[in-house]
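Here is a walk through a structure, one part at a time. Keep the model open beside the text as you read.

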Amino acid sequence: MTEQNEIKDISVVEPLIFELSSPGRRGYSLPELDVPQEELDALLPADMLREEDPQLPEVSEVDVVRHFVRLSQLNHGVDTGFYPLGSCTMKYSPKVNENMARLSGFTALHPYQPENMTQGALQLLYETGEYLKELAGLPEVTMQPVAGAHGEITGMMLVRAYHESLGEERTKVIIPDSAHGTNPATAVMAGYSTVEIPSNENGDVDLDALEEILDDDVAALMLTNPSTLGLYDQNIKEIAQMIHDVGGLLYYDGANANAIMGYSRPGDMGFDIVHFNLHKTFSAPHGGGGPGSGPIVVSDKLAKFLPVPVVSYDGEDYYMDYDRPDSIGKVHTFYGNFGVNIKAYAYIRSLGAEGLKAVAENAVLNANYLQESLKDYYHLEFDRPCMHEFVLSGKNQKREHGVSTLDIAKALLDYGLHPPTVYFPLIIDEALMIEPTETESRQSLDEFIEAMIEIAGDAEEEPEALHEAPINTPVRRLDEAQAARNPVVRWYPEDYAEDD
Amino acid sequence: MKYIPNTDEDRRAMLESLGVESIDDLFASIPEEVRFRGDIDIPEGMSEMELAKHIEGLAGKNLTTEEYCCFMGAGAYDHFLPAAVDHMVSREEFYTAYTPYQPEVSQGTLQVIFEFQTMISELTGMDVANASMYDGGTAMMEAALMAGRLTRRGERIVVSSSVHPQYREILKTYLHGREWDLVEVPVSDGVTDMDALTEAVNDDTIAVLMQNPNFFGLLEPVEEFQQLTGEFRNAHLVVACDPISLGVIRPPATYGADIVVGEGQPLGNPLSFGGPYLGFFAAGSRAVRRMPARIIGQTEDVDGRRGFVMTMQTREQHIRRERATSNICTNEGLNALAATVYLSLMGRQGLREVAEQSLQKAHYAAQRIDELPGYRLKYDRPFFKEFVVECDRPAAEVVSSLLEHKILAGFDLGRMVDGMDNSLLVAVTEKRTKEEIDELVARLEGLA
Amino acid sequence: MYPEELMYAEDHEWLRVENGIATVGITHYAQDQLGDLVFVELPHIGDEFGKDDPFGVIESVKAVSDFYMPVGGTITEVNEELLDAPEIINEDPYGEGWIIKFEITDEAELDELMDVDTYTEYLEDL
């Protein structure tokens, strides 16, 4: 933690902004202070004043701009190339949406402004919620959660509130072995313990295993459908019935909703709570890790527990409804990631009902095209038509040639392609989880296919070369063990002296 | 079809290679009973021009802080946004990437976060910061949960009522499922009632949560907090603070904070109706493996070049699953980028200047308002850029009357705090000019 | 790869007993499965554990695993070298890479452990 950076001894792709600092250089301008200036210690107690300035860089605007532009160029994004990261729906983000989110009519709004000043913003939130309700097939919505995992925990808190209202205290949440890591983490954070159920030979939830663990201690089942294997669960109605029969609720993880828009609605499947990732299905960009938005849509019986405020409409005005005595409370300081919601709204209005359905169609077509073209080269555990994504296994390459999925992923980088999600889901050995999305053309899919086939060939013929990949990236394979053993998680000034 | 490059010919060729007749066949795995056959009730799509016009119409219905002079704060602040910030966050390579799972092609994102972590560490005086939380309120909640992981026993969380009411509401919401007591300590004369706090904190206390400057803009008796939490080994001191204030006010590390959190919005992020914002989160190095969320570390590549990777990932949900330190995955990375660019542009001198100008202007405004008949400063205590004005009428009335003069006079505290209907919380940033402050004062006077 | 004189547990710990004191580490197989180790969490001296109780945590870059007590006991010594250099376990799992020493509560529990032949057979079935 306290190790100093020894940058002089190692080569550097781009200096840290701190290393570009030069005393006295400035990157800002502010007007002169125009009110009478008082001594600082006349305004604040001397013992509350900061003694040492923070070590922020001293750089000019051009230094800053060049630094961050150069850094940006070290990144691969959807706008640089194909990015088939499974379960993340890395689709193209239309530019007009960015412009809309940057309108000052939205960005220059204080969250506590009186509601009569923010009618446009409230209308946008309200209508986005209406569209999500329609797509989920459920009647109530909150736009407050700002990420998928945030929607999940909000949902699980609703589950608890619901059972408590019935005088029940349930402790278990069932999660399939193929689930995203956020599901079990969420359940535990919400105070539940988790029970894992296996998938059957078709990749669906194993009904016998489910039957065995069902009892009146089960609070909920968390499920994605299609699953992380990209497969639509054939028994979904039956599963829902089984959970409901013991008084549990069904939570739908919407990470994979891109596959089903207009074709199947979680509400019709029997789910009680659905989160959508607006940064996945609804094209808001992923921001290098965020911000996202994870609104949840719920059934009638959960409506009164939704977090406050709920954006409502009385036929004339839009308003924030705080008068909800059974609400679980708040999960975000204000109203969620409004700026991200604008982008999703623009996307939905731009495509319309038909367009959204075409999204699902083309996402599924593209995934099947890739799966069919690659399954002769990489092991496919579940050989049946997929939905929007599918999972290959590099286990043959590993066993026969010592080439791991990690090697395959790194080799793809040398083709200028972003690798799929790797080593997930956990139930597939050496997994490669591939989600092309609908915004890729047949040509870009063909390029990916060609690269994957070449890599499969290289695995046979020159496996050593694959261990060396990548060679064309800004940096090559990084020593993650070193980073974890001796964490260096910040820069220190050169004159920094260790105190221990 | 919009944003979908496949042509009918592409689709035909692809279907043929799959050996299926129609796209509909690809959906055959959806059982008929859950197949949606209806029409989605969403309006028809729009062209780009129509869309822009429609949404500009919605935006146009809002009355913004560009037209109205903003003295409203209460957790979201109208600070100056240098133009370069938005240009940098508009770089496609940054905003169309995701979590940097492949470090070889994510050095941009990774290095930015490393720089962000360094800046937050410097501002707060703490050893290590993470890559961001959802916002200030959820960051404080995560700090309380982390305090629980840092101690083997204890089940009491003590929070001062001078902490932002919505932060406390989030805390209450999240702690509901746990067998912990959440004890709220009352406010006395605008700051934490130290007698009540002393009574509330005991051996069973995991964390003491405070905000400094607090929700009313006032500085808390931090030394007393330090002394009290020092007496109880398990009690971790969690401090939420305004990052701008740290340009002039001593960092929480100097008064014994174990975890420092806050709302990062004032650092280069627009008000944006409450989000996306970013929470920052910093702690001592010994606690690092109990921290929530992503942390970036420095390392080298096989050729000896410096590089950055996600580190200590075994804390996180994608590896540790039900035993993860938090369920957070998607964070507020782009907002952290904005904060990093902002702090780079401002630098040590600029941050100090923003803090000092806000401080000076707020005190000028407070003094002028205090002199007016019908208004007085509610608390005679040190404050930073925000203060409470006691009016001789409901603050809601004052706010709505001043809107006629295109002034957002402040936040009506009656909306969130019982018995404070006549209290107006006024925030003054470096953006407000003397002329605007004088206009506020004149209009307030005109009302009285 | 699997010393003959040691006893083995199903969770891939090895155990050596001298004068009623057991020394425990993890096997070659376990360290190989985990990969480059980056962090260990050890118990405190005097801590008491039953058979199969988790007594510590070991982490590689992308995996976490608990250590389990092969038999019950009270900790008498922990290998603090590992705190700074967990990779010692990768390099020398049966020597310098030992993890804890403890006083055995009930020697009868030792009977349930495997000898080297049984353990290597057990590995083949995994």
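**Two helix pairs in chain A**

In chain A, helices α11(A) and α14(A) pack with their axes 10 Å apart, at an angle of about 25°. That angle makes α11(A) roughly parallel to α14(A). The crossing of α11(A) and α14(A) is right-handed. From α11(A), the contact uses A:N366, A:Y369, A:L370, A:S373 and A:L374; from α14(A), it uses A:L445, A:F448, A:I449 and A:M452. By class, the contact of α11(A) with α14(A) has 7 nonpolar, 2 polar and no charged residues.

Some ground rules come now. This is a predicted model, in which local features need pLDDT of at least 70 and side-chain atom pairs count only at pLDDT 80 or more, while totals for chains, interfaces and linings use all residues. Residues are numbered from 1 along each chain as its sequence is written, and chains are lettered from A and ligands numbered from 1 in the order in which they are written.

Helices (H or I, at least four residues) and strands (E, at least two) are DSSP runs, numbered from the N terminus. Axes are lines fitted to C-alpha atoms, for helices over the stretch in contact, and angles run from 0 to 180 degrees between N-to-C directions. Under 35 degrees counts as roughly parallel, over 145 as roughly antiparallel, 65 to 115 as roughly perpendicular, and the rest as oblique. A crossing is left-handed if the near helix is turned anticlockwise from the far one by less than a right angle, and right-handed if clockwise. Residues are in contact if their C-beta atoms, placed from the backbone, lie within 7 Å. Ala, Val, Leu, Ile, Met, Phe, Trp, Tyr, Cys and Pro count as nonpolar, Asp, Glu, Lys and Arg as charged, and the others, Gly among them, as polar.

Helix α14(A), residues 442–461, also packs on α13(A), residues 405–413. Here the angle is about 130° and the axes are 10 Å apart. That makes α13(A) oblique to α14(A). This crossing too is right-handed. A:I408, A:A411 and A:L412 of α13(A) meet A:A451, A:I455 and A:D458 of α14(A). The residues of this contact divide into 5 nonpolar, no polar and 1 charged.

**The sheet and the whole of chain A**

Next, look at the strands. An open sheet of 7 strands runs in the order β1-β7-β6-β5-β4-β2-β3 in chain A, with mixed pairing. Strands pair if DSSP finds at least two bridges between them. β1 (140–142) and β3 (193–197) of chain A stand at the edges with a single partner strand each, so one side of each has no neighbour in the sheet. From one strand to the next, the twist averages 25°. β1(A) pairs with β7(A), residues 296–298, in the antiparallel sense over 3 bridges. In that pair, A:E140 stands opposite A:V298. Helix α6(A), residues 148–165, lies across β4, β5, β6 and β7 of chain A, at about 165° to β6(A).

Chain A has 16 helices and 13 strands. Its radius of gyration, taken over C-alpha atoms, is 26 Å.

**Where the chains meet**

Elsewhere, 4 residues of chain B are in contact with 4 residues of chain C.

**Backbone details**

Most residues other than glycine have a negative phi, and most peptide bonds are trans. A:Y423, in the loop between β12 and β13 of chain A, has a positive phi near 60°. The bond from A:A469 to A:P470 is cis, with omega near 0°. In chain B, a cis peptide bond joins B:N212 and B:P213, with omega about -5°.

Notes. Contact = placed C-beta atoms within 7 Å. Rg over C-alpha atoms; globule rule 2.2 N^0.38 Å.
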